[in-house]
Amino acid sequence: MEGDCVESLVTIKNIERELICPACKELFTHPLILPCQHSICHKCVKELLLLTLDDSFNDVASESSCQSSPRLRVQSPSMDKIDRINRAGMINYSGWKRSSLTPRTTTFPCPGCEHDIDLGERGINGLFRNFTLETIVERYRQAARAATAIMCDLCKPPPQESTKSCMDCSASYCNECFKIYHPWGTVKAQHEYVGPTTNFRPKILMCPEHEMERVNMYCELCRRPVCHLCKLGGNHSNHRVTTISSAYKTLKEKLSKDIDYLIGKEGQVRSQISELNLLMKETECNGERAKEEAASHFNKLFEVLEEKKSSIIKAIDVSKKLRLDKFQTQMEEYQGLLENNGLVGYAQEVLKETDQSCFVQTAKQLHLRIQKATESLKTFRPAAQTSFEDYVVDASKQEELLGELAFFSNGVDIPEINEEQSKIYNKALISWHHPEKKNKADSYILEYRKISREEEMLTWSETEVYGTSKVISDLESNSSYAFRVRGYKGSVCSPCSREVILHTPPAPVFSFLFDEKCGYNNEHLLLNLKRDRVDSRAGFSLLLAAERVQVGCYTSLDYIIGDTGITKGKHFWALRVEPYSYMVKVGVASNDKLQEWLHNPRDISSPRYEQDSGHDSGSEDTCFDSAQPFTLVTIGMKKFFVPKSPTSSSEPENRVLPMPTCIGIFLDYDKGKVGFYDADHMKCLYERQVDCSGTMYPAFALMGSGGIQLEETITAKYLEYQNDM
């Protein structure tokens, strides 16, 4: 018998990990069952909902949570009373201000599975208490304090050890007190009693939705007990339900089978545990071996660097010694020219020789030496250089290679940045793929850095990505950036991809749409619902009236402008012209010039009239270099036409360029400049002065068939999100 108690104690202690609340990491206290079927302490749910308790409920909660004094437990209200207080509306579970039009928020992440749990309008009131888990926790507590007896709650001091606990009275009694408070022939004599315990729970599980109804059915869809009112007209009216007894029998059979299966697999589990222990030891050994191999590779690098360092320093020392020796010899020669020193002193002594033959014999060589020294005074040149510029070590490439050192595995393909899908506008969208599509990575590290002449080696910025594209913000205008990506599979990474260099626009992106009101000709132009694309159907009415056309006729341009004006600063926008377009003009124009174009009558039959200049074409050549309140360039037939200017060639063929896929326009309002760019490569094709004395608008004109699509800014919709498992 004693052995059975010891075995039971060991068993109950082994399940401690199952009795820990995932939120507070302590033993469960009044656990509640969440919709995701995880349990959590009642107090933890309140904390997660940012519950603000009133003073009276704080007193109730503090007394009900006291487990140390059995005598106090008699006066303290039970959990059922706390539930009744909750239902009475004493608690605002949302924790936020609310009004009749604003429903309270009762959503929080489950600490067990991290899924968002919505408790609905009833909040905590709609949750069941997990009485089974409470009983197991209490049984565990009793096993943990087996030597501590449960004392009688009604005895006068000193209390006697209790022998039974009444589930109806929620109190423990010794034999004498039980007879006194449960006399024969009274209703209390019929109360249910059990062995000494501190865990009291109601006999009947009541429905949290309908407080006076006991649960007698089980909803198979929601996996929770319900009452008959829930099935008749409540939230479970259309759900499949079964009786509690049937659910009890089914679930008990399943649980028993699961337990029997696990018990039958105990040997297999133990074998797998042993295998895991061996794998842990093997991992420990392999990890240490990998560290040693990595250290060995770095030691080899250190040896190479030390050898290079020694040879380079030795070469510098040899060169330094040679130069110092030359300087020393030259200095000694010059010191000899000083009086009473060296050559001068020796020459003075030779002059004292009176024998002519002896003097001539010595003086000739001495004269040559003095003459050479005199010439060196006239043209002084140091015997060696002081600079060691030839001995400067350029380690920039080696530093970059060393910075790229990483684990390499043939099991991870090298990703490649897709230059066609990658673009840079208001932000940068970088996309990549695997050429082989066999061994894809689980995650990626996208690196980027600004390319600057002032700072040759800027550090790489990194961002972790779980998809195959990433939007990069906060890039500086008019700057070049290098991008590269590497893949990770577990702890192993691939080498970096080839670098791709993209150039940001020369100014912040200016967002606007086509204006459907100001001067918009809906007979000739077709505007889509998003107002970011316009198509020209001009000329259709002329074709219908072709029978009346007997002589040459000059048609006009159909203008459309942006719905937002510019009054200061630098702005950039981009657009795409359809390749089939016959003639399209794009640029900027002031509000006054637009009023003139859109509202003044025009003599369109005059062959001298040219609408992009605003005056007779005959006078255009005389004032093309003066600042005008507009600038438009012509695009058509897959060509980009550079307007005439003092710097451009007079030959027409030299002013015709291939039409860029994407055309950018840069307006510097403060400096009065407008530039036209190949937006894919951020290359300026044409630039000129423009009079920005008024409000400037993006201006467009079409003649014949054609289409213009405004470039869409890069937004978060380009991001790829990881699927929630």
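**Aromatic pairs in a predicted protein chain**

At 2% relative accessibility, tryptophan 597 counts as buried (buried means under 20% relative accessible area, exposed over 50%, partly exposed in between, with a 1.4 Å probe and protein chains only). Tyrosine 559, with a relative accessible area of 4%, is buried as well. The structure is a predicted model, in which local features need pLDDT of at least 70 and side-chain atom pairs count only at pLDDT 80 or more, while totals for chains, interfaces and linings use all residues. Residues are numbered from 1 along each chain as its sequence is written, and side-chain values use heavy atoms, with hydrogens and water left out.

The protein chain contains 16 helices and 35 strands; helices (H or I, at least four residues) and strands (E, at least two) are DSSP runs numbered from the N terminus. Of its 725 residues, 34% count as buried. Among contacts (heavy atoms within 4.5 Å) with a separation of 6 or more, 61% join residues 24 or more positions apart.

The mean pLDDT, the predictor's confidence in each residue from 0 to 100, is 77 for the protein chain, and 77% of the residues reach 70 or more. Over residues 1-10 pLDDT stays under 50, and the model has two contacts beyond four places in sequence for this stretch. Residues 718-725 also have pLDDT below 50, with 14 contacts beyond near neighbours in sequence. Where pLDDT is low, the predicted coordinates should not be read in detail.

Rings of Phe, Tyr and Trp (its six-membered ring) pair if their centres lie within 6.5 Å; planes under 30 degrees apart count as stacked, over 60 as edge-to-face and the rest as tilted. By this rule there are 16 aromatic pairs. One of them is edge-to-face: phenylalanine 512 and tryptophan 573, at 5.9 Å centre to centre with 90° between the planes. Phenylalanine 512 lies in the loop between β20 (500-503) and β21 (525-527) and tryptophan 573 in strand β24 (residues 570-577), so the pair ties together parts that are 61 residues apart in sequence. Both residues are buried. The rings of tyrosine 559 and tryptophan 597 are stacked, because their centres are 4.9 Å apart and their planes at 20°. This pair links strand β23 (residues 558-561), which holds tyrosine 559, to helix α15 (residues 591-599), which holds tryptophan 597, across 38 residues. Ring pairs also join Phe510, Phe512, Phe514, Trp573 and Phe700 into a cluster.

A charge sits over a ring if NZ of Lys or CZ of Arg is within 6 Å of the ring centre and within 35 degrees of the ring normal. Lysine 164 lies over the face of phenylalanine 178, at 5.0 Å from the ring centre. Arginine 484 lies over the face of tryptophan 460, at 3.8 Å from the ring centre.
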